[in-house]
Amino acid sequence: MEEKLVERLESAVARLEAISISGFRPAEGGGDAAAAAALDPSIVAFEDLMGEYVGRVSAAAEKIGGHVLDATKVVAEAFAAQKQLLVIVKQTQKPDMAGLAEFLKPLNEVIVKANKMTEGRRSDFFNHLKTAADSLSALAWIAFTGKDCGMSMPIAHVEESWQMAEFYNNKILVEYKNKDPNHVEWAKALKELYVPGLRDYVKSHYPLGPVWSVTGKTTVPAPAKAPKSSGPAPPPPPPASLFSSESPQSSSSRPKVGMAAVFQEINTGKPATAGLRKVTDDMKTKNRADRTGIVGAGEKESGASSRSFSKAGPPKLELQVRKWVVENQIGRKNLVIDDCDSKQSVYVFGCKDSVLQIKGKVNNITVDKCTKMGIVFTDVVAACEIVNCNGVEVQCQGSAPTISVDNTSGCQLYLSKDSLEASITTAKSSEINVLVPGAGPDDDWGEHALPQQFVHVYTDGQFVTTPVSHSGG
């Protein structure tokens with residue numbers, strides 16, 4: 001028992017040092033209060049939460065390694081940062097908005113770090129990175145200051161944040177269900193970390209938000225180190241909010257842009273045409289000799305050649321280990337992948353006004369940031385994913401267990417008779433139509449519009465969600 005108490009005290013000292021480095025420290029005489037706060041039942045319960053649930057996620061990530069392990073370390077770092085914040089809450093009074101922003105800064109930095117891991121070119125473990133990054137928004141429950149703060153209640157906030165991350169977590173479960181149990185264990189452990197782990201912790205200790213100390217000291221920002229000969233250090237600039245990287249500015253000093261600038265100009269009382277130049281006859285397009293309206297042959301050739309090359313980079317269609325990469329194809333209607341097998345995946349990125357045909361069975365197909373793109377494939381083992389696209393058409397000639405559409409505007413899905421039982425998942429998408437074959441070989445295809453509007457009705461103590469019906473479906 002005494003050894004455990006010594007370990008608790010050493011842990012409290014380590015937390016105090018970390019808090020001092022992070023930019024927040026209690027006023028003088030707060031050492032005893034910090035030690036007592038570290039032994040508070042709510043802090044001990046949070047340590048148990050980390051030891052049980054974060055430990056499970058980390059153990060599964062150790063078996064996978066690579067990017068998944070890196071993302072898991074960031075998750076563990078975020079929970080460690082929240083534990084430090086909970087210790088601060090126990091020994092300090094509730095700060096004002098500027099102080100709250102400074103208080104949340106360590107957690108904000110970890111969340112920004114996690115989001116940066118999802119940027120750039122998508123890796124093979126993008127779903128893992130996205131799940132980890134999106135889930136960290138659940139830790140923002142500690143920023144709840146009241147019903148008028150614009151946030152959901154802490155328990156509801158944790159559940160809603162995990163629902164946002166669960167979209168990508170389910171993709172991991174589907175993709176690795178029969179492939180690698182370590183990834184399935186990681187996904188399940190991460191879900192249990194938040195639901196029920198963090199949710200039940202908040203429900204038990206902070207259902208109405210963090211409970212700040214009434215008799216504690218006010219939080220004081222740690223001063224910047226300066227030479228001994230210099231005077232007092234100037235106060236630091238106000239910190240950014242939890243989910244914003246912009247430097248704060250007063251609304252009066254910030255220059256108005258967009259419609260605000262238009263209304264400001266109107267309110268000055270100046271004539272609407274003040275400052276406009278008069279257009280003379282020689283300035284009109286119809287009277288200019290250099291604008292004949294006839295396109296030369298040289299301009300046609302340059303326009304045709306520009307369609308085959310994207311500003312993002314040179315076009316690619318190549319096999320990289322086990323991934324077919326199709327990138328930056330513009331105006332190509334005859335793209336074909338015919339030498340493929342069920343262990344290979346296909347990644348289509350940044351293509352426009354092109355058609356790709358995949359002959360054979362592949363493991364996974366991802367279409368990312370494409371416009372007016374057509375995809376025709378035979379069979380897919382795991383899933384066909386359409387992400388960040390606009391005006392795409394996808395036709396399945398064989399079977400596909402899962403089709404997911406995320407953040408896409410305009411998508412036509414053509415299903416074969418073998419793929420009618422496919423599970424179609426949509427999120428943040430619009431204008432999605434699914435065409436299915438008729439009963440007979442000569443019958444017309446049936447077109448069905450997937451709903452994008454929903455009605456939520458509170459019935460018998462819970463919300464019941466039903467899609468808005470579409471006519472003519």
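Which helices are included in what covers the buried residues of H8? Let's take that one in steps.

This is a predicted model, with pLDDT of at least 70 needed for local features and 80 or more for side-chain atom pairs, while totals for chains, interfaces and linings use all residues. Numbering runs from 1 along each chain as its sequence is written, and side-chain values use heavy atoms, without hydrogens and water.

Start with H8 itself. Helices here are DSSP runs (H or I, at least four residues), numbered from the N terminus. H8 covers residues 181-205. Its 25 residues should span 36 Å at 1.5 Å a residue, and the end C-alpha atoms are 34 Å apart, so the two agree. The expected span is 1.5 Å times one less than the number of residues.

Now the bend. H8 bends by about 30° at Glu-192, and Pro-196 follows within four residues. That bend is the angle between axes fitted to the seven residues ending there and the seven starting there.

Back to the opening question. Buried means under 20% relative accessible area, with a 1.4 Å probe and protein chains only. Trp-186, Leu-190 and Tyr-194 are among the buried residues of H8. The cover includes H3 (41-64), H4 (66-91), H6 (126-135) and H7 (154-175).

Look at H6. The axes of H6 and H8, lines fitted to C-alpha atoms over the stretch in contact, come within 11 Å and cross at roughly 10°. That makes H6 roughly parallel to H8, a label for angles under 35 degrees. His-128, Thr-131, Ala-132 and Ser-135 in H6 meet His-183, Trp-186, Leu-190 and Tyr-194 in H8. Contact means heavy atoms within 4.5 Å.

Note on methods. Helix = DSSP H or I, 4+ residues; strand = E, 2+ residues; numbered from the N terminus. Buried < 20%, exposed > 50% of the residue type's maximum accessible area, 1.4 Å probe, protein only. Axes fitted to C-alpha atoms, helices over the stretch in contact; angles between N-to-C directions. Parallel < 35°, antiparallel > 145°, perpendicular 65-115°, else oblique.
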